[in-house]
Amino acid sequence: MALGYITSWNGFIGTGYGNILLVKILLLAIALGFAWLNRSAVSQYYAVNKQTVFNRVPYYIEAETFVLITLLFTAASLASQPPAIDIPELTATWGEVLHSFSPRIPRTTSPSQAALLAGEAGRLAIIGQTPSGAATAWSDYNHNIAGIFVTAMSLLAMLSYRTSALLPRRFYWLGYFYLIACRCRNLA
């Protein structure tokens with residue numbers, strides 16, 4: 001069915017439908033990998049302890065459950081995307097996809113509110129009009145700042161499991177959520 005909806009490699013990587021289908025395939029492969037790990041862990045445990053196999057649940061089951069829930073949401077979002085065969089003129093090329101994923105220095109300054117409002121006045125009434133440069137810069141700014149916070153939180157979360165001279169006791173990285181809330185409140 002996917003081959004009927006996606007007729008080219010550009011349709012596979014250059015449309016939302018193809019991208020979501022690619023994510024769905026990867027998540028399914030990961031879920032099958034966790035299922036194999038679960039089966040192996042239970043088989044090994046059952047060979048040693050035949051009476052208490054149900055008392056121990058392998059920790060892979062939790063990971064497999066999260067992957068399967070994500071897979072379910074991915075399948076639901078796939079239904080909202082038009083297939084590549086229906087939008088051949090809107091399909092991105094390999095060059096455009098590679099350009100959008102090329103590394104760039106994160107934008108840490110936002111455009112002025114006047115520039116943002118100036119470009120948005122006529123766009124709201126016209127369907128399909130591309131956003132202004134200021135709107136794109138604002139979106140990049142928001143995503144980059146959030147990415148910086150998430151990266152910092154994940155690094156601090158990994159460091160919280162290590163005790164050293166720099167971090168004598170556990171650092172509560174969860175406090176960064178409070179900083180994000182304060183930052184968002186100041187922007188509003």
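**View 1. I6 and its neighbours in the predicted model.** I6 touches G11, F12, Y17, G18, L21 and A84, leaving aside residues up to four places away in sequence; contact here means heavy atoms within 4.5 Å. This is a predicted model, in which local features need pLDDT of at least 70, side-chain atom pairs count only at pLDDT 80 or more, and totals for chains, interfaces and linings use all residues. Residues are numbered from 1 along each chain as its sequence is written, and side-chain values use heavy atoms, with hydrogens and water left out.

I6 also belongs to the largest nonpolar core, which has 10 residues: I6, F12, I13, Y17, I20, L21, L78, A84, A92 and V97. A nonpolar core is a set of buried Ala, Val, Leu, Ile, Met, Phe, Trp, Tyr and Cys residues joined through side-chain atoms within 4.5 Å. Buried means under 20% relative accessible area, exposed over 50%, and partly exposed in between, with a 1.4 Å probe and protein chains only. Helices α2 (9-13) and α3 (16-48) each supply at least two residues of this core. The most comes from α3, with three residues.

**View 2. The whole chain, for orientation.** The chain has eight helices and zero strands. Helices (H or I, at least four residues) and strands (E, at least two) are DSSP runs, numbered from the N terminus. Along the sequence the pattern reads α-α-α-α-α-α-α-α. Of the 188 residues of the chain, 22% count as buried. Among the contacts in the chain with a separation of 6 or more, 60% are between residues 24 or more positions apart.

View 3. Helix α4 has 19 residues and reaches 27 Å from its first C-alpha to its last, close to the 27 Å expected at 1.5 Å a residue. The expected span of a helix is 1.5 Å times one less than its number of residues. In α4, the buried residues are E64, V67, L71, T74 and L78. These residues cover an arc of only 80 degrees around the axis, which puts them on the same side of α4. The arc is that of the directions from the helix axis to the C-beta atoms. On the other side of α4, E62, F66, L72, F73 and A76 are exposed. What covers the buried residues of α4 includes α3.

View 4. T91 lies in the loop between α4 (60-78) and α5 (94-100). T91 counts as buried because its relative accessible area is 19%. The side chain of T91 reaches the backbone oxygen of I87 at 3.1 Å. Such a polar contact is a pair of N or O atoms within 3.5 Å; within protein, one must be able to donate a hydrogen and the other to accept it, and residues adjacent in sequence count only if both atoms are side-chain atoms. Not counting residues up to four places away in sequence, T91 touches N10, G11, G14, T15, A84 and E96.

L90 lies in the loop between α4 and α5. L90 is exposed, with a relative accessible area of 60%. From C-alpha to C-alpha, L90 and T15 are 7.6 Å apart in space, and they are 75 residues apart in sequence.

**View 5. Helix α7 and its aromatic pair.** Helix α7 (residues 133-159) has 27 residues and reaches 39 Å from its first C-alpha to its last, close to the 39 Å expected at 1.5 Å a residue. Buried in α7 are A134, A135, A137, Y141, I145, F149, M153, L156 and A157.

One aromatic pair is found in a search of the whole structure. W138 and Y141 form this pair, which is tilted, at 5.7 Å centre to centre and 40 degrees between the planes. Rings of Phe, Tyr and Trp (its six-membered ring) pair if their centres lie within 6.5 Å; planes under 30 degrees apart count as stacked, over 60 as edge-to-face and the rest as tilted. Both W138 and Y141 lie in helix α7, three residues apart, about one turn of the helix. W138 is partly exposed, with a relative accessible area of 29%, whereas Y141 counts as buried at 4% relative accessibility.

View 6. P111 is placed in the loop between α5 and α6. P111 touches A134, A137 and W138, not counting residues up to four places away in sequence. P111 and A135 are 24 residues apart in sequence and 8.4 Å apart in space, C-alpha to C-alpha.

A114 is in helix α6 (residues 113-120). With a relative accessible area of 58%, A114 is exposed. The C-alpha atoms of A114 and A134 are separated by 9.4 Å, and the two residues are 20 residues apart along the chain.
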